[in-house]
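The sequence and model come before the details.

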Amino acid sequence: MDPIRNPYSPGAGTPPVDLAGRDELLERARIATQRIMRGRPAKSVIMIGLRGVGKTVLLNRMRSDAESAGIQGLFVEAPEDRSLPALLAPELRKSLNRLSRNEQARELARRAQRALAGFVGALKVQYGDIQVSLDLDPEPGLADNGDLTLDLQALLEASGRAASSAGTALALFVDELQYVPENQLAALITALHRASQRSLPVVLVAAGLPQLRGRTGQARSYAERLFDFPEVGPLSADAARQAIERPAAAENERFAEDAVRYIVEVTHRYPYFLQEWGKHAWDIAEASPITLSDAQQGTRSAVAALDEGFFRVRFDRLAPSEKRYLRAMAELGGGPHRSGDVAATLSREVTSLGPTRSQLIAKGMIWSPSHGDTAFTVPLFGQFMKRIMPGSDWKTS
């Protein structure tokens, strides 16, 4: 099969040919953003799910849909080493520049730009990673207290008023929200709450790992009333089949029925893995229909590709003690696992492993479905740990 025509696209946030099984999530975000633009109340949306379920793809699609409807979309990804003010300031600058060209919104947009100048100037010492050039001088007393919670409220309020005067809305699209430190997350939640109370068109559409729901509640107790938390999981069996069959059909090719069943089963219906298996089965096949044998041979190359990239980049960030902790989890099976069972596997006391477990949660490698339980955030990572750390030497190394 011609690899140039291969329609499958495994990658970080790479959109598939067919976004199967996600219509309900897309519709939820569309309704929320357009209600906000029309001055009607709506909860912000925070999608939660494991790695590989397509959250970034969905977030990008939601942003595209919002912008097509005339909404000002701000897209940021929250890495572990950047502050929220540093991420938001450049995106707000671009949106406010666009709003300032709207005759009805010009004066309010310029005031919001002055608020942004005050915000950056007041917080630049505290958050040294803010780097944004601004054309207007700050307005004294506007978003310049040096307190993130107060200043972000004032900044989003001024920006929301400018958006309202232009007949649009500001939609903040934030990926990997779980990496935002708790005090900064609390400031964002407070600012969104204030905007909601004042019926301003400001909304958050975000994505993150499963621990994010608990983190928002810890940051602000009223978060559960401010956000919807739709879960993004594996596709349904029908949607998984569509994710394999439809891209091939668009190229006038097809998979044999048993090949489709095999791929759906071996990938556990995770969108990223469906794309990976589809790609490798296509590249191996000599002709259509792509057979069960092609799909099985594709498994070897798909697993090798995952081991070299998707899994390995996460493994290489880990300290030796963290690797042993994850290997112990893999030894216990699919999970979730009690922290005590992981400790027993390592012949350690639970309390002594607390810092390691906390660090793995902070790195986004594991999460706690319930108190004392631990589970992988990366599907099939346990199998990878067994491949890369075989035998039993890891217990004593």
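Which residues does D373 touch, not counting residues up to four places away in sequence? D373 touches P336, H337, R338, R357, W367 and S368, where contact means heavy atoms within 4.5 Å.

## Basis of the values

The model is predicted: local features need pLDDT of at least 70 and side-chain atom pairs pLDDT 80 or more, while totals for chains, interfaces and linings use all residues. Residues are numbered from 1 along each chain as its sequence is written, and side-chain values use heavy atoms, with hydrogens and water left out.

Helices (H or I, at least four residues) and strands (E, at least two) are DSSP runs, numbered from the N terminus.

D373 is in strand β8 (residues 373-376). With a relative accessible area of 15%, D373 is buried; buried means under 20% relative accessible area, exposed over 50%, and partly exposed in between (1.4 Å probe, protein chains only).

One of the residues that D373 touches is P336. P336 lies in the loop between α14 (320-332) and β6 (337-338), and a cis peptide bond with omega of about 5 degrees joins G335 to P336.

## Largest pocket

The largest pocket holds about 830 Å³ of space. Its lining has 40 residues, and the closest to the pocket centre are A12, G13, G52, T56 and R314. On a 1 Å grid over the protein atoms alone, a pocket is an open set of points with protein on both sides within 12 Å along at least five of seven lines, a cavity is a set of points where a 1.4 Å probe fits but cannot get out, and lining residues have an atom within 4 Å of a point. Grid points are joined across faces, edges and corners, and a volume is the space filled by probe spheres set on the points.

Helices α2 (55-68), α11 (271-284) and α13 (312-315) each give at least two residues to this lining. By class, the lining has 19 nonpolar, 10 polar and 11 charged residues. Here Ala, Val, Leu, Ile, Met, Phe, Trp, Tyr, Cys and Pro count as nonpolar, Asp, Glu, Lys and Arg as charged, and the others, Gly among them, as polar.

## Second largest pocket

The volume of the second largest pocket is about 430 Å³. It is lined by 20 residues, of which P210, Q211, R213, W367 and S368 are the closest to its centre. W367 and S368 are also among the residues that D373 touches.

The largest share, four residues, comes from α7. The lining divides into nine nonpolar, seven polar and four charged residues.

## Cavity

The structure holds one cavity of 30 Å³ or more. The volume of the largest cavity is about 60 Å³, and its lining consists of L26, A29, R30, T33, Q34, M62, D65 and A66. Both α1 (23-37) and α2 give two or more residues to this lining, with α1 giving the most, five residues. Four of the lining residues are nonpolar, two are polar and two are charged.

## V203

V203 is found in strand β4 (residues 202-208) and is buried, with a relative accessible area of 2%. Not counting residues up to four places away in sequence, V203 touches T33, I36, S44, L170, A171, L172 and L192. Of these, T33 is also in the lining of the largest cavity.

## Helix pair α10 and α12

Two packed helices are described by the angle between their axes and the distance between the axes. The axes of α10 (residues 257-266) and α12 (residues 292-308) come within 7 Å and cross at roughly 25 degrees. That makes α10 roughly parallel to α12. Axes are lines fitted to C-alpha atoms, for helices over the stretch in contact, and angles run from 0 to 180 degrees between N-to-C directions. Angles under 35 degrees count as roughly parallel, over 145 as roughly antiparallel, 65 to 115 as roughly perpendicular and the rest as oblique.

In this contact D258, A259, Y262 and I263 of α10 meet L292, A295, Q296 and T299 of α12. The contact residues comprise five nonpolar, two polar and one charged.

In the loop between α11 and α12 lies P289, which is joined to S288 by a cis peptide bond with omega of about 5 degrees.

E176 is not a glycine but has a positive phi of about 60 degrees. E176 is in the loop between β3 (170-175) and α6 (182-197) and is buried, with a relative accessible area of 13%. N252, also not a glycine, has a positive phi of about 60 degrees. N252 lies in the loop between α9 (237-250) and α10 and is exposed, with a relative accessible area of 72%.
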